[in-house]
Amino acid sequence: MGQPVASRGRAATPTLGKAMLNKYARAFFTRVLTPFAAFLIRRGVSPDTVTLLGTAGVVAGALVFFPRGEFFWGTIVITLFVFSDLVDGNMARQMGRSSRWGAFLDSTLDRVADSAIFGGFALWYAGSGNDNVLCAVSIFCLASGQVVSYTKARGESIGLPVAVNGLVERAERLVISLVAAGLAGFETFGVPGIHVLLPIALWIVAAGSVVTLIQRVVTVRRESAEADAVNGQEAGQQDGQGNGSEQGRDQASDGASQGSSRSSSKTSSQSSEATS
């Protein structure tokens, strides 16, 4: 929910479906939200303020409604505030204020929002939902989401591109969970049996997160091995060049010593002849 910043390394090549969805969805919402973003700018609202308010709204929607089983209204509130993720970036582009700070704030608060959503599910199943297994699954979704994000951030921090699209990344986790929660909330309006969608979604997110984590770990291992091999070759070439230069200097030094010895011997011989 923050200002964009140029990423380091290679970007992971998106799949065709993800690329098309990202292209058309973002283009649509950009057109819709640009006037609203411009309005906020005229009112003196900063992108960081929108980021903070958006996260606060998501946290409130998740921790107020979900623990009480009000999944429909909780999802509505969360969805409204999730759009701030597009608004603050739009504002930053219009203002020409893309920054590393904005990207950092965005990523940090995204983790807070994700934790609140799955924490809300866990509180429901630990309380009125009365299902310890699904409570544990919700907690696992919360923890695995943080670890999946950490693997990419840590890999990039050591200079690796982490060029992989995981099976279930943050966008997929949120869409699957929130759509299922919103539909499960229709049970309060008399739709029977629809509550099973949320447990199914949580199991899908949990399994998908494990697969995504494995994909990223394998990718980081491969990229680190490739980087270490390249560094080893470069170090070997530098050592070879250094040894060659040192041998050249030694040969030049030996030649100079030999020349000096011959010159000294010749001078001594000439001196002896003159004395005789």
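Modeller: We begin with burial: a residue is buried under 20% relative accessible area, exposed over 50%, and partly exposed in between, using a 1.4 Å probe and protein chains only. F189, with a relative accessible area of 48%, is therefore partly exposed. This is a predicted model, in which local features need pLDDT of at least 70 and side-chain atom pairs count only at pLDDT 80 or more, while totals for chains, interfaces and linings use all residues. Residues are numbered from 1 along each chain as its sequence is written, and side-chain values use heavy atoms, with hydrogens and water left out.

Biologist: What percentage of the residues in the protein chain is buried?

Modeller: Of the 276 residues in the protein chain, 33% are buried. Accessible areas come from the Shrake-Rupley method with a 1.4 Å probe, and for residues only the protein chains shown count as cover. The protein chain exposes about 16000 Å², of which carbon and sulfur atoms supply 62%.

Biologist: How many helices and how many strands does the protein chain have?

Modeller: Helices (H or I, at least four residues) and strands (E, at least two) are DSSP runs, numbered from the N terminus. Here the protein chain has eight helices and zero strands. The pattern along the sequence reads α-α-α-α-α-α-α-α.

Biologist: How far does helix α3 reach from its first C-alpha to its last?

Modeller: The expected span of a helix is 1.5 Å times one less than its number of residues. Helix α3 (residues 71-82) has 12 residues and reaches 16 Å, close to the 16 Å expected. Helix α7, with 15 residues, reaches 21 Å, again close to the 21 Å expected.

Biologist: Which residues of α3 are buried?

Modeller: They are F71, F72, G74, T75 and I78. Viewed down the axis of α3, these buried residues fall within an arc of 160 degrees, so they line one face of the helix. The arc is that of the directions from the helix axis to the C-beta atoms. In α7, the buried residues include R173, L174, S177 and L178.

Biologist: How many salt bridges does a search of the whole structure find?

Modeller: A salt bridge is a side-chain nitrogen of Lys or Arg within 4 Å of a carboxyl oxygen of Asp or Glu. The search finds eight. In one of them, the closest N and O atoms of R170 and D114 are 2.9 Å apart. R170 lies in helix α7 (residues 170-184) and D114 in helix α5, so the pair ties together parts that are 56 residues apart in sequence. D114 also forms a salt bridge with R111, at 3.9 Å between the closest N and O atoms. Both D114 and R111 lie in helix α5 (residues 100-126), three residues apart, about one turn of the helix.

Biologist: Is D114 buried or exposed?

Modeller: D114 is buried, since its relative accessible area is 5%.

Biologist: How should I read a pair of aromatic rings?

Modeller: Such a pair is described by the distance of the centres and the angle of the planes. Rings of Phe, Tyr and Trp (its six-membered ring) pair if their centres lie within 6.5 Å; planes under 30 degrees apart count as stacked, over 60 as edge-to-face and the rest as tilted. The whole structure has 10 aromatic pairs. F72 and F189 form an edge-to-face pair, 5.4 Å centre to centre with 90 degrees between the planes. F72 is in helix α3 and F189 in the loop between α7 and α8 (197-275), 117 residues apart, and the pair links these distant parts of the chain. F72 counts as buried at 18% relative accessibility.
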